[in-house]
Amino acid sequence: MMTQNSWYNEADLDRRDIAGRVLEGLLAAILIFAPLAFGTVDPWSEQVVLAMVGCLSVVFIIRLITNPEASVSWHGVYVPILLFVTIGAVQLLSMPEGLLRVLSPNTFGIKSELLLGLGIDNLDLSTMPLSFYVQATAHDVRLVLAVVTVFMVAVNTYTNIASIKRLLGVICAIGGAVALVGILQFVTQTDKIYWTFDMPHDLANGGPFVNHSHFAQFINLSMGAGIALIMMRLKELTDSYHMDWGSIWDHILSSQGKAVWLPAASVIVCAVSVFVSLSRGGIVSMLAATAFITLVIGVSSTQRGRGQVIAIMVLAAFACVLYIGFDAVYERMATLHDMDAAGAGIRMKIVKDLAAAWSRFPLFGTGLGTHFVVYPMFNTLMHPGLAGHAENEYAQALEETGIFGVLCLAIAAVLVWKAFASCIKHKHSPVHAAAYGLAYGLVAIMIHSFSDFGQHVPANAILTCIFCALLVSIQRMAPDRAGKSRQGPAGRPMFPGILIKGALLILAAGLWIWIGLHANQARIADSHWRRVGDMEAFFEKNNWQGTNEEYRQLLISAGMASDAQPGNVVFKHWLNVYRWRSISRNVDPNTGEILLSEVGVKSVPRIITELKKACEVCPTYGPSYCVMGQLQAFVLGDANGLDYIQTGYRLAPYDAATCYTSGMVDAQQGRHEEAFVKLQRAVQINGTYFSGAAQLCMEQLNDPNKVLTLAGDNIGWLNRSVSLLAAYDVNDQTLVNRALDRVKASLEERSQSPEAPAGVFASLARIYEKDNDPNAAIEYYGKALVKDYSQVYWRFALARLLVDQGELEEAMHEAKMCLQLDSSFVAARRLIQQLVIQISETKDKAPD
């Protein structure tokens, strides 16, 4: 049995190995920074992580040169990993037409068809990359290189028990801290990360992560590190193979067992945070991984009894959840009985669509990071919005890297799990017991990846690769007969010569400087684009009206972002949209037509040319085709622009403006059914298009029924439909009544909810008032005022109804309340004066 001091000192790094200590410090810094910086999803945080990984690789090679005991040992898992990186690099290369036709004939066919359709002079199609969007692929290749670098460094740095314990301790501590942030944010019900930064949704229940599912993945991995530490410590504390629960508990409560307490507390806090994150995938994967690892421990002849420790920790976590938020967790998990409500139906349809996409690009895929510009071409869902990721890591990997990329990942996974199987065969070594915790984290990630894209988040991807690296490293630490693990890596050393190591140092330094420069460009572009976003919000609020100076600032910021990243199609597209907005501000108040100056008219061809350049950057980015087609067809009067609009819809059925414009063209050309499908989709994506789409249904489709179909159960849209039908003098009163009945039914259904807002009851009261049902109107006005006491006009309407019903005293009370709430309310004062007279007359007429 090992002593307490051995927990810290056995096989510690030589104090003279300064580079080794620097490597551990750099990796710890990455592990701390990545999750706390919102998971490293912004360009500025990506740049920081890439810089630290670059330093990590350079220091690692310097250590190989300066420390004769340091080496890179061969392992079979390197082959599929390096091949996967090679596939990503090949996707970026411009290759001859003949080679591209062989490797991916449909890539060449689709690209050449779209680019030739642009009518660009001197267009060169002799060379072309495999990727449909080089900018996105280059971004993802940079991150993959970072993850692979961390893997290689971790495998060849953490080669002794003490260093592995330190790394697991760092991960466990970071996970506990991140989990605690998540719990506190849930308890305080804040909608801001760190109670400071705004969230895109109502509750910041994902700790420092924007997405609660990504948070759950990180925490599940951190739990694995805690379990690994606990299993190692229990193995060190116990000499006997077969331990019953009582014996294990005695060891845990002993003075030496205190080292188990902190990782156990971290695991419990992490488990609680996964529950309160309300991530269904995170909770399911946590429970499944717990069941898996408990089962594996249970069948192990050397670990029996220790699985109960994990079960106790999960039960302790559940007890905490019962206290701080069981109702929310229960309601969230209850949705799993309805798979469609839980999103499983949509995810399965996305996977089916991706299977169709893969069949077109089977060998090498469409390019890393290109899902959002390729998937829309195969999207069969009538679901609003674009899935920026596939919500299934396996399907997206198949789409973007083809069968060869997925095969590389699959082989790497098999070799990692083979390392786990090898580790658990060793009965004596404490370090091999850590494999159970590492496997726990990887099982949770593999399950969760069927319904989430958390491995696209650098914080999660780096931690996952470290778990894989530790399993490989532990596998190579074969124990001797005394049960002590041999220190240092096993296997054939690589790069034996000093010249080779020197060349590697120069190559690594050059590569990471190049990567750092590109990452810096992305950061600069993003900083400019954030200013663009703030200005765009101002213009949208003012219906895109602004001064010349305000538009100049908008165009300068958008232009600087585009210049910083010339390969970014989104920046190029919106820069030219803003240019069009700046010259189309003036509108004829009588006709609503745009009034272009002579300079503005001359600017349109230039904008079209720039949009064509955006299409060259990414031939499948549909919004650029749509805007280009509108300018060409509706401003320059060139009917060829209509074809661009339809191409835009084929490529971008997720964009509301594209759907609306394509639907308008179909309506004008008599394709009414196709037009309505597109208009309906535009409204589902962006409700501001409802009025325009409803007018097209009336004017172009000549079908008032479609207006009601378009409105669905939306109360506001149904009310607008009634007004629109009246404005167009629709004689079918049955149609109008049907709209009103649907408004009433929808309001009545919403009023049954305890959380129904006061406006729902007030709207129902007005409807019943128009239907000559004063009793119902009085009842609903009363309910509305219970929820919102300060509404003067609702109270005044109630007072008038009470007067009509002869309830004069009650009416007087409500009218006086109106004056108390608003002393300047003249109508209420007049009503009180009338009521004084009426009440007096009523009393005079009353018999003695």
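## Terms and basis of the model

A crossing of two helices is called left-handed if the near helix is turned anticlockwise from the far one by less than a right angle, and right-handed if it is turned clockwise.

The structure is a predicted model, in which local features need pLDDT of at least 70 and side-chain atom pairs count only at pLDDT 80 or more, while totals for chains, interfaces and linings use all residues. Residues are numbered from 1 along each chain as its sequence is written, and side-chain values use heavy atoms, with hydrogens and water left out.

## The chain as a whole

The secondary structure of the protein chain comes to 36 helices and six strands, where helices (H or I, at least four residues) and strands (E, at least two) are DSSP runs numbered from the N terminus. Of the 848 residues in the protein chain, 52% are buried; buried means under 20% relative accessible area, exposed means over 50%, and partly exposed lies in between, with a 1.4 Å probe and protein chains only. Among the contacts in the protein chain with a separation of 6 or more, 70% join residues 24 or more positions apart, a contact meaning heavy atoms within 4.5 Å.

## Nonpolar cores

In soluble globular proteins, nonpolar side chains tend to be buried together. A nonpolar core is a set of buried Ala, Val, Leu, Ile, Met, Phe, Trp, Tyr and Cys residues joined through side-chain atoms within 4.5 Å. The largest nonpolar core here has 156 residues, and those with the most contacts inside it are L27, L31, F151, L168, I219 and I466. Helix α7 (residues 134-157) gives the most to this core, with 14 residues. A second, separate core of 65 residues includes A693, I767, A797 and L808.

I466 touches L27, L31, V150, L167 and I171, when residues up to four places away in sequence are not counted.

## Helices α2 and α19

Helix α2 (residues 18-36) and helix α19 (residues 458-475) pack at an angle of about 145 degrees, with their axes 9 Å apart; axes are lines fitted to C-alpha atoms, for helices over the stretch in contact, and angles run from 0 to 180 degrees between N-to-C directions. The crossing in which α2 passes α19 is left-handed.

On the α2 side, L27, I30, L31, A34 and P35 meet A459, I462, L463 and I466 in α19. Sorted by class, this contact of α2 with α19 has nine nonpolar, no polar and no charged residues, where Ala, Val, Leu, Ile, Met, Phe, Trp, Tyr, Cys and Pro count as nonpolar, Asp, Glu, Lys and Arg as charged, and the others, Gly among them, as polar.

## Helices α22 and α24

The axes of helix α22 (residues 569-583) and helix α24 (residues 622-635) come within 10 Å and cross at roughly 30 degrees. These two helices, α22 and α24, are therefore roughly parallel to each other, since angles under 35 degrees count as roughly parallel, over 145 as roughly antiparallel, 65 to 115 as roughly perpendicular and the rest as oblique. The contact is made by H573, V577 and W580 of α22 together with P623, S624, V627, L631 and V635 of α24, and by class it has six nonpolar, two polar and no charged residues.

P623, whose place is in helix α24, is buried, with a relative accessible area of 5%. P623 touches H573, A652, Y654, D655 and T658, not counting residues up to four places away in sequence. The C-alpha atoms of P623 and C659 are separated by 9.8 Å, although these residues are 36 residues apart along the chain.

## Helices α32 and α33

Helix α32 (residues 758-770) and helix α33 (residues 774-787) pack at an angle of about 160 degrees, with their axes 8 Å apart, and that makes α32 roughly antiparallel to α33. The residues of the contact of α32 with α33 divide into eleven nonpolar, no polar and four charged.

## Two loop residues with positive phi

Most residues other than glycine have a negative phi. N543, in the loop between α20 (498-541) and α21 (548-564), has a positive phi near 55 degrees, and N543 is exposed, with a relative accessible area of 61%. N702, in the loop between α28 (690-699) and α29 (704-711), has a positive phi of about 55 degrees although it is not a glycine, and N702 is exposed at 56% relative accessible area.
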